[in-house]
Amino acid sequence: MVVGYERIGKTSLLDCLLPLTGFLYYTKNHKHKKYWFKFQGKYIHRFKDDSENELIDEIVLENKQWKLNILLNEKKKKIEGDKEYYGFELIRDIKPKRRIEYYCENENERNKWIDKLNRLIENKSTHGIDIQNHKIKPKEKGNENENGKRENENEIELDISVWDFAGQHEYYNNHHHFLSTRSLFLVCWKINEGENGLNGLKFWLKSLKFHLNNDNLDKNTNKPLYSIFIVGTHLDHYSINQDEQSIKERRKKIQEILKELDIKFGIEIIEVSSMNLENIEDLQVKIWNTISNHSYMGERVPSSYLSINNEIQQMKHDFGMKKDQDENGKENGNGKENEIPIIELNKFEERLKSKGNFNIELIKRSLNLLTMWGECGYFGESNKLSDILIYQLKFLTKQVMAELFRPEFKIYFENGILENINLKQIWKDYSIELIEQIFELMEKFDVCFRIGEYQKVNQDEMEKMEDFFKGKSIIPSYLEMKTKEEIEEYFPNECPNWMVEKSRILKFEVIPEELISQILIKVQSINQEHLIWRNGIYFDEGVQLKCLLICSIEFNQLEIRIRGINFQIIKIFIDKMIQLINESLQKYPNVSYQQGLISIQTQNFVLIEEIEKYLNISIEKRTKEQIELLNYSCLFQSQDELGFLFSFFFFLFSFFFFFFFFFFFFTFPFFFTKIKNDNNNNNNNLK
Ligand SMILES: Nc1nc2c(ncn2[C@@H]2O[C@H](COP(=O)(O)OP(=O)(O)OP(=O)(O)O)[C@@H](O)[C@H]2O)c(=O)[nH]1
Ligand SMILES: [Mg+2]
């Protein structure tokens with residue numbers, strides 16, 4: 001799994017580590033000849049054969065110099081016998097001009113080359129998560145035998161599933177759902193970004209720390225289940241010193257971060273360049289050695305798991321066929337997809353009945369493993385997701401999530417709020433009936449949340465759907481950050497003297513960023529009247545209650561400040577907020593906090609348990625600091641507040657008393673005279 005901030009070279013690194021190789025027909029002067037090709041980073045190497053001993057030539061795909069054309073069906077060549085070959089060509093329009101034709105034996109092979117070439121030539125960002133399966137042969141660096149082959153090269157072949165995560169901020173809230181505990185993590189940072197680069201690295205290490213166990217060893221085998229490699233990219237950058245001292249200093253800074261985050265398990269630190277392939281081979285060797293030593297390598301898998309996997313592959317195949325039929329025949333009439341590759345677990349169990357005796361626990365265990373292999377998506381640990389199986393993961397990561405976060409759709413997310421009607425544009429390939437279902441799936445992945453309950457006018461399905469499209473949703477990763485000054489516009493630092501203020505600080509050792517949005521989203525459900533930002537939320541119920549929750553990643557803390565006129569209302573609100581925060585933390589067993597307050601007198605953080613003890617000290621003996629902390633803590637209602645409330649209600653009572661008194665005093669004689677006059681008039685009329 002490759003993670004890190006955006007545009008730091010994750011995909012390029014994978015292109016170097018896992019070169020695309022194969023026999024292709026190479027066409028020059030209308031003559032076709034078969035060669036072995038290796039496409040690594042931006043280099044396409046042509047070899048005489050697959051021993052890679054004799055390099056014939058090299059093409060360097062420099063930025064924007066090359067164009068790629070797919071040679072369409074009519075250009076399929078019959079190179080040998082009657083067999084058809086699938087071609088593509090690379091053209092360089094600037095001098096020295098070149099045009100090279102390549103032919104593959106099948107369309108799948110050509111698609112692989114085209115995907116990779118397109119990505120490199122167009123320099124595209126990754127959207128969602130790119131998942132690819134590779135076969136690799138562990139190898140030792142340099143040790144070649146007499147036949148020119150590397151030792152160990154033919155020993156074993158490993159099937160690996162490679163997950164390349166998008167680096168854009170939009171995806172951070174949901175990446176953790178996909179982190180597998182049987183992985184090698186390549187956590188990348190861009191060396192030439194210095195401190196900023198290291199901050200990005202820290203962010204990702206922090207996230208991994210919370211989703212992986214602190215101990216990476218498997219108890220049975222005492223071998224690691226996962227490992228982390230910290231990979232510095234852009235080593236070729238002109239600003240980077242490569243002398244021993246500079247390398248040592250960078251290493252030291254990384255070790256300080258690891259120490260701060262209390263990450264103890266084995267970590268490799270390495271620096272590479274995807275431009276000139278420096279240290280790439282070193283990294284390959286380290287990766288191969290590390291993963292082949294992971295505890296699960298070579299583990300035997302029950303044959304029932306493989307049958308379950310076969311069923312999943314069958315479902316994928318059937319789904320693909322149906323899609324093709326729909327596309328060709330437009331059977332559904334509107335050219336939109338009417339089905340998604342998701343099945344409820346009980347229906348999947350039903351399907352398996354004809355294949356053998358599979359109980360639900362066995363199915364779940366196998367799905368967990370198959371998910372780690374990248375074959376499907378089963379998220380059994382999450383309550384919200386445990387009853388469905390997403391049998392084609394690409395649907396989730398590429399078609400749904402990546403579409404939602406396409407840069408051109410940012411116009412629909414004003415300050416993180418989306419009008420649901422725009423989902424018809426975003427997921428335009430899906431029928432209206434499916435959009436709401438897909439949205440619900442995204443809610444389960446914490447990607448978006450609808451605001452309030454949209455009105456259900458009647459039970460008719462169509463009507464219900466229309467209502468969903470009239471509603472709005474929050475997309476937490478698009479919410480804006482607000483500065484302290486901006487927040488003060490809503491919640492001034494000074495509490496008005498006719499209100500009381502209570503507060504609470506929750507200090508975490510470290511808090512993962514995605515947890516903050518989960519907390520905010522959970523807390524926002526308390527009350528409809530709120531303003532929400534990426535770093536906080538503000539509730540306003542007029543004089544009754546004003547509450548601010550501010551989250552600080554820098555200080556790893558949440559601060560709750562509540563103002564109002566009724567002690568009980570404030571207390572209930574604080575308790576409710578803390579309860580909701582605790583509920584959000586349930587999924588994070590490694591995350592805990594200490595509750596307390598900052599003393600205005602000493603600026604120290606004082607634990608709530610400590611403050612509670614002040615209640616046992618007699619009032620006259622309490623220090624000024626203790627009184628102040630007790631007052632702010634909302635642990636008890638002080639005499640002052642009782643007095644305050646008494647005067648507040650006395651004020652209200654007197655206000656209404658005088659109001660009615662003056663009302664009657666001045667208006668009664670007026671009515672009296674008016675009635676009298678009216679009576680006189682009536683009498684006159686009668687006369
Ligand atoms: N000079 C130099 N450029 C690099 C290196 N690695 C990547 N690049 C360039 O950096 C840019 C971004 O590289 P990508 O591999 O797409 O970065 P990424 O981290 O996958 O980006 P996202 O998918 O957007 O998160 C591309 O233009 C690469 O050519 C490197 O080691 N040296
Ligand atoms: Mg990428």
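A: Let's start with a term: a residue is near a molecule or strand if its C-beta atom, placed from the backbone, lies within 6 Å of it. This is a predicted model, in which local features need pLDDT of at least 70, side-chain atom pairs count only at pLDDT 80 or more, and totals for chains, interfaces and linings use all residues. Residues are numbered from 1 along each chain as its sequence is written, while chains are lettered from A and ligands numbered from 1 in the order in which they are written.

Q: Which residues come nearest to ligand 1?

A: Gly9, Ser12, Ser125, Thr126 and Gly167, out of 19 residues around ligand 1. Helix α1 (residues 10-17) gives the largest share of that shell, three residues. Helices (H or I, at least four residues) and strands (E, at least two) are DSSP runs, numbered from the N terminus.

Q: How many residues of the shell are nonpolar, polar and charged?

A: Ala, Val, Leu, Ile, Met, Phe, Trp, Tyr, Cys and Pro count as nonpolar, Asp, Glu, Lys and Arg as charged, and the others, Gly among them, as polar. Around ligand 1 that gives three nonpolar, 12 polar and four charged.

Q: Which residues of helix α18 are buried?

A: Buried means 20 or more other C-beta atoms within 10 Å of a residue's own (exposed: 12 or fewer; partly exposed: in between), with C-beta atoms placed from the backbone. In α18 (residues 624-633), Leu629, Leu630 and Ser633 are buried. Down the axis of α18, these buried residues fall within an arc of 100°, so they line one face of the helix; the arc is that of the directions from the helix axis to the C-beta atoms. The general idea is that an α-helix has 3.6 residues a turn, so residues three or four places apart point the same way.

Q: What do the buried residues of α18 pack against?

A: Contact means C-beta atoms, placed from the backbone, within 7 Å. The partners here are β25 (593-598), β26 (605-607) and α17 (608-613).

Q: How many residues of α15 are buried?

A: 10 of the 12, so α15 is largely enclosed by the rest of the structure. Among them are Glu514, Leu515 and Val523.

Q: How do β21 and β22 pair?

A: Two strands pair if DSSP finds at least two bridges between them. Strand β21 (residues 530-533) and strand β22 (residues 536-540) are antiparallel, over four bridges. They form a hairpin with two residues between them, and leucine 531 stands opposite tyrosine 538 in β22.

Technical notes. Contact = placed C-beta atoms within 7 Å.
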